[in-house]
Amino acid sequence: MVILSDATGIEIKRLNYKKIDIDLNNDRTFEMTIVSDDYNNDLAYGNWVYIPNTEYGGIIGEKTSETAEGDIKIAGFTWRNVLEKKIIEPPKGEVHKIVSGELNSILKSLTSDAELTQLFTVSGESTGVSVNNYQFDRYTTLLAGIVKMLKSVNYKLQIRAIQQDGGLPTYIELSAQPVVDQSSTIELSQDCQLNFTFREKRNGINHLICLGKGEGTDRVVIDLYVQKAGTIGTTQYYTGVNERTETYDFSNAEADELKEKGIEKLQELMDMQEFNMNVGALGIDVDIGDIVGGRDYVTGMYMSKPVENKIYTEEDGVISKDYELEGDDGAEA
């Protein structure tokens, strides 16, 4: 059930459509195909489409008329894309924006600074968890900044379109929620009686020499190392034959930017796992940021990773969900 509301959350109607795709956290867009006979001016720019009490939804921003098919395509940004289009800027005269306090209180302050309070309502419930002098990356997006801050204390960003009774408007609620590790209860394996692909690489780069601004002995150089647990730091763990090194040339970067981009590059080059399975028969439903596990009994390969993206598709009344895990191609549901 997909609802259309105006830009304040007042419900207009339930929508009729041929197909809808909602990509929450990769493209962060939605597209809905409507027969031209079902189109009217209610489908106005700035109005919302959403599935109540879920994150699936967004704001209408594009329209395409396909006369050959007699279809109208309505598209727009998901809620995370709205957050992605705002930047956390350091205060004047400061290098970084630094925050302290309870998580939901910080979310409220950040959305207020970004002038998004007309769209987003932050949960008034205290998480009981705080950060102290948390430093955001310079000019990071609001979405990336929030997600990274919450991840530092094992929390995730939850977004829900909360539908109220009595004709009251729906509101889009942001809240900090603890990451749920489902890997002990949701383990995708041969026991599921479904086909899957499991790929593991253990010969990746574990030492990246990052070369930044300057020349000769004045050049900025940062050594980044993969640690035993798969994190990245500046202390060497792998040595000798187990050390695999490459250089990363970012010649105009200062130290802070060089380190940030170097970490991103090393994450691409280091050891990795990919897991892909059609899990339509399992009926699982987990949030972005929650952790699921996968195991191949033949090779012994195992992984547990956070869900990074969810894609909702409905066509001719048939619903499917695609779960993409961090750093891989996903698991379809």
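Q: Buried means under 20% relative accessible area, exposed means over 50%, and partly exposed lies in between (1.4 Å probe, protein chains only). Which of these does asparagine 53 count as?
A: The structure is a predicted model, where local features need pLDDT of at least 70 and side-chain atom pairs count only at pLDDT 80 or more, while totals for chains, interfaces and linings use all residues. Residues are numbered from 1 along each chain as its sequence is written, and side-chain values use heavy atoms, with hydrogens and water left out. Asparagine 53 sits in the loop between strand 5 (48-50) and strand 6 (57-66). Its relative accessibility is 45%, so asparagine 53 counts as partly exposed.

Q: What is the phi of asparagine 53?
A: Most residues other than glycine have a negative phi. Asparagine 53 is not a glycine, yet its phi is positive, at about 65°.

Q: Which relative accessibility makes arginine 28 count as buried?
A: Arginine 28 also has a positive phi, near 60°, in a residue other than glycine. It lies in the loop between strand 3 (19-23) and strand 4. Arginine 28 counts as buried because its relative accessibility is 18%.

Q: How many strands are there in the chain?
A: Helices (H or I, at least four residues) and strands (E, at least two) are DSSP runs, numbered from the N terminus. By that rule the chain has 4 helices, and its strands number 25.

Q: What share of the 333 residues in the chain is buried?
A: The chain exposes about 17500 Å², of which carbon and sulfur atoms supply 44% (Shrake-Rupley method, 1.4 Å probe). As for the residues, the buried share of the 333 is 44%.

Q: Which strands stand at the edges of the open sheet of 3 strands?
A: Two strands pair if DSSP finds at least two bridges between them. The sheet has the order 10-14-13, with mixed pairing. One side of each edge strand has no neighbour in the sheet, because each has a single partner strand; these are strand 10 (120-122) and strand 13 (155-162).

Q: Which residue is the bridge partner of isoleucine 162?
A: Strands of a sheet pair through backbone hydrogen bonds, either parallel or antiparallel. Strand 13 and strand 14 (residues 171-178) run antiparallel, joined by 8 bridges. In strand 14, the partner of isoleucine 162 is tyrosine 171.

Q: Which strands does helix 2 (residues 103-113) touch as it packs on the sheet?
A: The direction of helix 2 makes about 140° with that of strand 14 (axes are lines fitted to C-alpha atoms, for helices over the stretch in contact, and angles run from 0 to 180 degrees between N-to-C directions). With contact meaning heavy atoms within 4.5 Å, helix 2 touches strand 10, strand 13 and strand 14.

Q: What arc around the axis do the buried residues of helix 2 cover?
A: In helix 2, Leu103, Asn104, Ile106, Leu107, Leu110 and Thr111 are buried. They lie on the same side of helix 2, because the arc they cover (taken from the directions from the helix axis to the C-beta atoms) is only 155°.

Q: Which exposed residues does the face of helix 2 turned away from its buried side carry?
A: An α-helix has 3.6 residues a turn, so residues three or four places apart point the same way. On the face of helix 2 turned away from the buried side, the exposed residues are Lys108 and Asp113.

Q: How many residues apart in sequence are the parts tied together by glutamate 31 and lysine 73?
A: A salt bridge is a side-chain nitrogen of Lys or Arg within 4 Å of a carboxyl oxygen of Asp or Glu. Glutamate 31 and lysine 73 form one, with their closest N and O atoms 3.9 Å apart. Glutamate 31 is in strand 4 (residues 29-35) and lysine 73 in strand 7 (residues 71-78), so the parts tied together are separated in sequence by 42 residues.

Q: Which residues do salt bridges that share partners join into one network?
A: Aspartate 290 and lysine 156, both buried, meet in a salt bridge at 2.6 Å, N to O. Arginine 160 forms another with aspartate 287, at 2.9 Å between the closest N and O atoms. Arginine 160 and aspartate 287 are buried too. The network is made up of Lys156, Arg160, Asp287 and Asp290.
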